[in-house]
Amino acid sequence: MRVFQQIIGRDAVLGRLLRDEGGATAIEYGLIAALIAVAAIAAFRLVGTNLSSIFNTVATDL
């Protein structure tokens, strides 16, 4: 039991890592950034397709 306390004790490295929430926050921000990037790419593709068809219509009419 004493060895277990030395490994995961309050001052042990593993104990500090288990209590640290900084990594979880960084992962959350990364997931939010990825979601925004996916939404932006989808919007750009949709706008690009519509814009391309508008330019093609204008070019044909000219």
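Me: What makes a residue of this chain count as buried, and what percentage of the 62 residues do?
Reply: Buried means under 20% relative accessible area. In this predicted model, 5% of the 62 residues count as buried. The accessible surface of the chain comes to about 5700 Å². Carbon and sulfur atoms hold 68% of that surface.

Me: Why is Val47 called exposed?
Reply: The cut-off for exposed is over 50% relative accessible area. Val47 has 51%, so Val47 counts as exposed. Val47 sits in helix H3, residues 22–61.

Me: What makes Val47 part of a nonpolar patch on the surface?
Reply: A patch residue needs over 30% relative accessible area and no salt bridge, and nonpolar side chains are joined within 5 Å. Val47 has 51%. Val47 forms the patch with Leu51, Ile54, Phe55, Val58 and Leu62. Together they have about 650 Å² of accessible area.

Me: How do you know which helix has the lowest confidence?
Reply: Compare the mean pLDDT. H1, residues 2–8, is lowest at 60, and H3 is highest at 86. The chain averages 79, and 65% of the residues score at least 70. Where pLDDT is low, predicted coordinates should not be read in detail.

Me: What elements make up the chain?
Reply: Three helices and zero strands. From the N terminus the order is α-α-α.

Key. Residues are numbered from 1 along each chain as its sequence is written. This is a predicted model: local features need pLDDT of at least 70, side-chain atom pairs count only at pLDDT 80 or more; totals for chains, interfaces and linings use all residues. Side-chain values use heavy atoms; hydrogens and water are left out. Patches are made of residues with over 30% relative accessible area and no salt bridge: like charges are joined within 9 Å, nonpolar side chains (Val, Leu, Ile, Met, Phe, Trp, Tyr) within 5 Å. Accessible areas come from the Shrake-Rupley method with a 1.4 Å probe; for residues, only the protein chains shown count as cover. A salt bridge is a side-chain nitrogen of Lys or Arg within 4 Å of a carboxyl oxygen of Asp or Glu. Helices (H or I, at least four residues) and strands (E, at least two) are DSSP runs, numbered from the N terminus. Buried means under 20% relative accessible area, exposed over 50%, partly exposed in between (1.4 Å probe, protein chains only). pLDDT is the predictor's confidence in each residue, from 0 to 100.
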